[in-house]
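Have a look at the structure first, then read on.

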Amino acid sequence: ISDQKPLGCWSVKHGQILTCPVVCNFETHEYVAVHDDKVLRIWKNEDINLDKAFKATLSADVYRIHSLPHGGPVVLFRGGGVRTLDVLLEAPQQEIENVISGEVIRWSGAFMEGQQPVLIFTTEKDGDFFVYVQKPKLSSLHKYKLEQQESAKPLCFTAHITNQIVTLLCLYSNDSVYQVLIPLQQDTEEEEEEEEEEEEILSKSLLLNLSVSGAVLKGTSLVVLDKDHVAVLGSLAAPKKQPRECLTIWNTKFQTLQTSKELPLGTSGQLWCYEEKFFLIHGKVLTVIMYKCETSSLAAAVGKLKYSQTPDVSLFMNWNTLEDEELVASFQSQESVALKAESRINLRSRSTIAEEQPETLSVGQLLVNYKDASNYVLETKLRKLMKKAPTPDLQATIGCVVTALTDRCKRNPKYYPQNFLQEIVETRNLSYSLCPDLMAVALEKKDMHLLQLCLERFPDVPEEITYACLKAFLSVSETHLQNMDVNLDSVICYIDVEFDNKEVKTEIVENGFRAEMNQDMCGTKIPRESQSRSDDDSCPVGPQKAALLNAVLHSAYTETFLLPHLKNLPAEEAILFLRYLYYLYVKCSEKVNTTLPGIRSPTINQIMDWMCLLLDAHFTVMVMLPEAKELLSNLHKFVRAQVRFYSELNKIEGSLRELQRLNHLRESHTYSIEVLEII
């Protein structure tokens with residue numbers, strides 16, 4: 001999210017409309033969508049064309065699909081019928097009952113109670129609101145009617161289940177939050193046989209007034225954080241002041257506003273909460289804010305909790321995220337967070353406030369304590385910290401450790417724990433967003449090996465950093481690289497190197513080409529094994545630089561974000577890079593399967609994509625440069641020869657398929673001689 005890197009994109013045909021949010025089936029790792037109300041689509045991440053994905057037309061309109069981590073997807077139809085996805089796929093055209101009559105569904109939510117999925121939805125009819133509780137696997141359905149409120153109506157709902165009790169929270173138009181308790185009933189045979197003459201009326205109790213110091217919050221979205229805290233997104237209206245959109249957190253136990261933050265760029269009015277993260281649209285950006293709640297106390301609710309001098313930064317919400325629109329890491333050093341006093345939010349509180357012992361200190365506090373330690377002590381403590389880190393917080397802890405090391409590197413230019421950093425990147429599953437300063441420090445220190453490791457292992461390297469690495473790799477001298485420890489696994493199998501680092505003759509496989517045919521077609525001739533290799537046939541860069549460039553080729557990117565940076569690449573370096581890409585392209589074409597040998601070797605698609613990118617960014621400049629003329633000409637001739645060759649193959653594709661079919665039909669125990677005429 002922080003680097004705006006799309007990982008997948010699928011679209012329906014023109015005229016089709018996605019009619020409910022797409023969900024992920026956690027059990028099968030598939031996406032489930034509905035378009036045009038009744039058409040169900042299921043596909044995997046590697047599928048490219050949505051039109052070719054699994055398709056099933058249902059007998060009724062779908063309102064919403066809810067996906068549960070351990071219960072599978074549950075489908076809610078507009079008529080109130082509910083089916084699990086497995087049951088629905090057994091007979092997509094099965095009849096779906098209409099549970100509601102003349103009512104419109106306003107909200108729905110799915111939960112797990114034990115091993116059973118529970119689906120709750122609310123409906124409205126003629127100003128009355130109803131609540132339905134269904135257990136689809138048990139065919140259990142209960143209907144309730146909400147107690148009416150004079151001059152106010154529900155705007156939005158949210159719910160959670162604890163100890164067989166559904167807690168339904170309702171945000172009303174009178175700027176108040178009400179609570180409704182619904183016990184999960186155990187159905188008996190007698191209850192199933194009886195027809196309820198009238199639905200039970202649910203009474204509600206006032207949970208929270210959304211007003212403080214004369215200002216009233218006009219809420220639009222409500223989510224539950226824990227049993228004592230809720231978050232409300234809305235517009236805060238104060239007397240004689242313009243309304244301001246705010247994200248607020250309230251303590252329901254003590255009826256207090258815990259914190260609020262103004263959102264000057266505006267929001268969509270929607271707020272989502274998942275795995276202790278807020279998701280909201282701020283301006284044109286999706287913003288993610290991490291939070292953490294602990295047991296509520298009066299001291300925390302009124303802002304009188306006595307914090308230590310080195311507070312646990314992981315328990316703060318970093319409101320600065322809303323200013324620079326970056327994804328907040330769960331653990332950051334005291335310096336990188338730089339929270340202002342007025343913008344701090346701490347939901348941590350304890351029943352009894354006691355002095356914390358060193359063994360119970362959090363990661364944030366430990367790092368602050370190690371801030372002034374010697375280099376040896378710091379590295380020793382950080383190694384111990386990584387070994388003791390609990391599994392759920394392991395990645396965040398390691399990211400915090402790397403941040404502490406890079407912070408010290410920036411404060412002390414003479415300090416650079418190269419081996420320690422390389423060890424962490426090689427042995428831990430890190431990402432760029434967990435340690436955003438690491439590659440910047442490596443670029444400053446010209447640590448090519450560490451940059452190579454990061455490009456190979458980080459899935460979310462920003463295009464700006466990828467370009468910076470490419471420029472650094474192309475500009476560094478071959479002599480300087482010979483003294484560096486660079487991983488050559490990606491090149492050693494197709495660039496044979498002697499001790500003087502000069503490429504020696506490698507095998508040539510012509511991949512279906514005849515030298516005479518190529519000479520006639522394009523005026524060039526592919527060398528045979530018996531011929532000595534010319535300078536144009538050898539790799540234009542040394543093996544170390546080739547291995548570094550291969551790491552760049554493997555890095556994920558989005559063309560829209562990379563192209564502006566690539567245009568800044570100096571012409572000399574752009575030509576060198578294009579020469580290397582052309583060399584790889586020829587190498588791939590020599591192989592029958594167009595695949596280079598070795599570990600992490602570039603694929604033909606990666607080579608072609610980067611070649612096209614580079615030509616798009618520098619075509620005008622290269623056409624004008626005399627030194628690039630021969631390279632572009634050779635590239636054009638080689639591509640033209642390949643296009644013609646594959647065109648010839650396409651002409652006999654039908655005959656080859658027929659031959660393959662005849663081979664399947666032929667009995668294995670008979671002997672025959674057949675003559676096939678290729679027309």
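Let's start with a strand pair in this predicted model. Strand 5 and strand 6 (residues 72-77) run antiparallel and are joined by six bridges. One spot to look for: Val-62 sits opposite Phe-77 of strand 6.

That pair belongs to an open sheet of three strands, ordered 5-6-7, and the pairing is antiparallel. Strand 5 (62-68) and strand 7 (82-84) are the edge strands; each has a single partner strand, so one side of each has no neighbour in the sheet. On average, neighbouring strands here are turned by 20° against each other, ignoring direction.

Now hop along the chain to a loop. Which residue lies between strand 20 (244-251) and strand 21 (256-262)? It's Phe-254, found in the loop that links those two strands. Is Phe-254 buried, partly exposed or exposed? Its relative accessible area is 26%, so Phe-254 counts as partly exposed, since buried would mean under 20%. Phe-254 and His-229 are 25 residues apart in sequence, with 9.8 Å between their C-alpha atoms.

Zooming out, the protein chain has 20 helices and 24 strands.

| Share in the protein chain | Value |
|---|---|
| Buried residues, out of 679 residues | 46% |
| Contacts between residues 24 or more positions apart, out of contacts with a separation of 6 or more | 57% |

Key
Residues numbered from 1 in each chain as written. Predicted model: local features only at pLDDT ≥ 70, side-chain atom pairs only at ≥ 80, totals over all residues. Heavy atoms only, no water. Pairing = 2+ DSSP bridges. Helix = DSSP H or I, 4+ residues; strand = E, 2+ residues; numbered from the N terminus. Axes fitted to C-alpha atoms, helices over the stretch in contact; angles between N-to-C directions. Buried < 20%, exposed > 50% of the residue type's maximum accessible area, 1.4 Å probe, protein only. Contact = heavy atoms within 4.5 Å.
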